[in-house]
Amino acid sequence: MAQLSDDCFAFGGPMMSVDEAVAIITSRIDPVTDIETVALADADGRTLAADLVAPLPLPPYTNSAVDGYALASGDLPATAERVFPVAGRVQAGVAGEEVARGRAVRIFTGAPMPDGADTVFMQEDVRLDPQGHVVLPPGLKPGANVRPAGEDIATGQVALKAARRLRPQDVAVIAAFGLTAIAVRRRVRVALFSTGDEVVSPGDTRGAAQLYDSNRVMLAALLKRLGCEVSDLGILRDDRVVLADALRQAAVGHDLILTSGGVSTGEEDHVKAGLESVGKLVLWRMAIKPGRPVAMGVIDGTALIGLPGNPVASFVTFVHVVHPAIAALSGTVWRKPVPMPVRAAFSYKKKIARREYVRVYLRHGDDGALEAVKFPREGAGLLSSLVETDGLVELGEDVTRVQAGDIIGFLSYANLI
Ligand code: AMP
Ligand code: MG
């Protein structure tokens, strides 16, 4: 299990900024170090365990980038008519061809360059005369349309760095080296709970004052997108003793415990107190809207993050707080997503000294520029506000108002997870 340092502190002062909170959370987390080998087909999304050093050059042999005619550029007369007899033909997959002096070889994309040839004329740029000789245009540089061995990646070069979260294009590089399996870190194991007497699982009987648990399936899906192994541990009732006991049990065999609900200041909010009775609270509450009550703590070396229960607050704090924590646990480098500048199609007032995320969708304005339209309502419980928007506008701590026409920073949901 990833172990957390024990010298944690309980947070008592003014509300902490999101950046400070994330810095503290990630600094308290040690990455999972266990390594396993997976087949290439299962490598997407996994964290590369070690630098991948190229065992062969890419491309592995010098070849033609086009369909055309290969020849030695030294054979081209400077001024005279450039008519070359065609002698030979080389197609992809066949090695060992040569080009005779003053002749061209018919060649196809991906075929190895014949010995002696260094340049390929594209078939679209030449014509064949009645004798079947190829008539070459002037102006082509020696070496044109050739892909030298190793031009992409040279043997011995670090092709992929350790700790990289593999994407489909990274897996393609591994395959290009002929490897069938790759060493990755084991998945981060997350125990997931919902909390609340009013929350029931879909499929169960719902009482008149109860609602179906929507957070758990959302958070599980978000975790899986980050490559985690999720233990769905159901719903905890609003009972401190039961809750504390469940958290302590979940600390065994997991790298992170994630809960939603029950972290506010209400009498029936037991996550913080439950955590304090079996572990240590590291921080609680941060200057983020929607969100604010987010608890982070440690139980027997396992991290716990308690998210607020309102679905939008859960979602927003997941992408801005849990995501960096998972990155730290996975051993990958966390890069704060970079907001894209767009024009505000709304006006908005906000409090200073806290970060806000406004739900927006994008459209093209009359002049064609991209503009962000705010979802008309602001409630942190409105699932429709997440469904009907494209992303979040980030309003920094210093901002107090947005006016229509201002340039603001947009974070697409697609980039957040
Ligand atoms: P809490 O943080 O426990 O005070 O909950 C805040 C709000 O979120 C309340 O209206 C809860 O009913 C709601 N809520 C809590 N947990 C969930 C959940 N798992 N799914 C949907 N709504 C929830
Ligand atoms: Mg609750």
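This is a predicted model: local features need pLDDT of at least 70, side-chain atom pairs count only at pLDDT 80 or more; totals for chains, interfaces and linings use all residues.
A residue counts as near a molecule if one of its heavy atoms lies within 4 Å of it. The ligand is surrounded by 14 residues, and the closest of them are Glu198, Asp213, Ser214, Gly262 and Gly309.

**Around the ligand**

What sort of residues make up that shell? Sorted by class, three are nonpolar, eight are polar and three are charged.

| Residue | Protein atom | Ligand 1 atom | Distance |
|---|---|---|---|
| Asp213 | side-chain N or O | nitrogen | 2.8 Å |
| Asn215 | backbone N or O | nitrogen | 3.4 Å |
| Gly309 | backbone N or O | oxygen | 3.1 Å |

So how much of ligand 1 does the protein cover? On its own, ligand 1 has 480 Å² of accessible area, and the protein covers 79% of that. As for the elements that give two or more residues to the shell, those are β14 (189-195) and β16 (211-212). The space that ligand 1 takes up is the second largest pocket.

**One aromatic pair**

Now over to the rings. A pair of aromatic rings is described by how far apart the centres are and by the angle of the planes. The count here comes to one aromatic pair.

Most peptide bonds are trans, and most residues other than glycine have a negative phi. A few spots in this chain go the other way.

Take the bond from Leu58 to Pro59, which is cis, with omega near -10 degrees. You'll find Pro59 in the loop between β2 (52-53) and β3 (63-64). The bond from Lys289 to Pro290 is also cis, again with omega near -10 degrees. Pro290 sits in the loop that runs between β20 (288-289) and β21 (295-299).

And which loop holds Arg285? That residue lies between β19 (280-284) and β20. Arg285 isn't a glycine, yet it has a positive phi of about 75 degrees.

Key. Residues are numbered from 1 along each chain as its sequence is written. Chains are lettered from A and ligands numbered from 1 in the order in which they are written. Side-chain values use heavy atoms; hydrogens and water are left out. A polar contact is a pair of N or O atoms within 3.5 Å; within protein, one must be able to donate a hydrogen and the other to accept it, and residues adjacent in sequence count only if both atoms are side-chain atoms. Accessible areas come from the Shrake-Rupley method with a 1.4 Å probe; for residues, only the protein chains shown count as cover. On a 1 Å grid over the protein atoms alone, a cavity is a set of points where a 1.4 Å probe fits but cannot get out, and a pocket is an open set with protein on both sides within 12 Å along at least five of seven lines; lining residues have an atom within 4 Å of a point. A molecule sits in a cavity or pocket if more than half of its atoms lie within 2 Å of its grid points. Helices (H or I, at least four residues) and strands (E, at least two) are DSSP runs, numbered from the N terminus. Ala, Val, Leu, Ile, Met, Phe, Trp, Tyr, Cys and Pro count as nonpolar, Asp, Glu, Lys and Arg as charged, and the others, Gly among them, as polar. Rings of Phe, Tyr and Trp (its six-membered ring) pair if their centres lie within 6.5 Å; planes under 30 degrees apart count as stacked, over 60 as edge-to-face and the rest as tilted.
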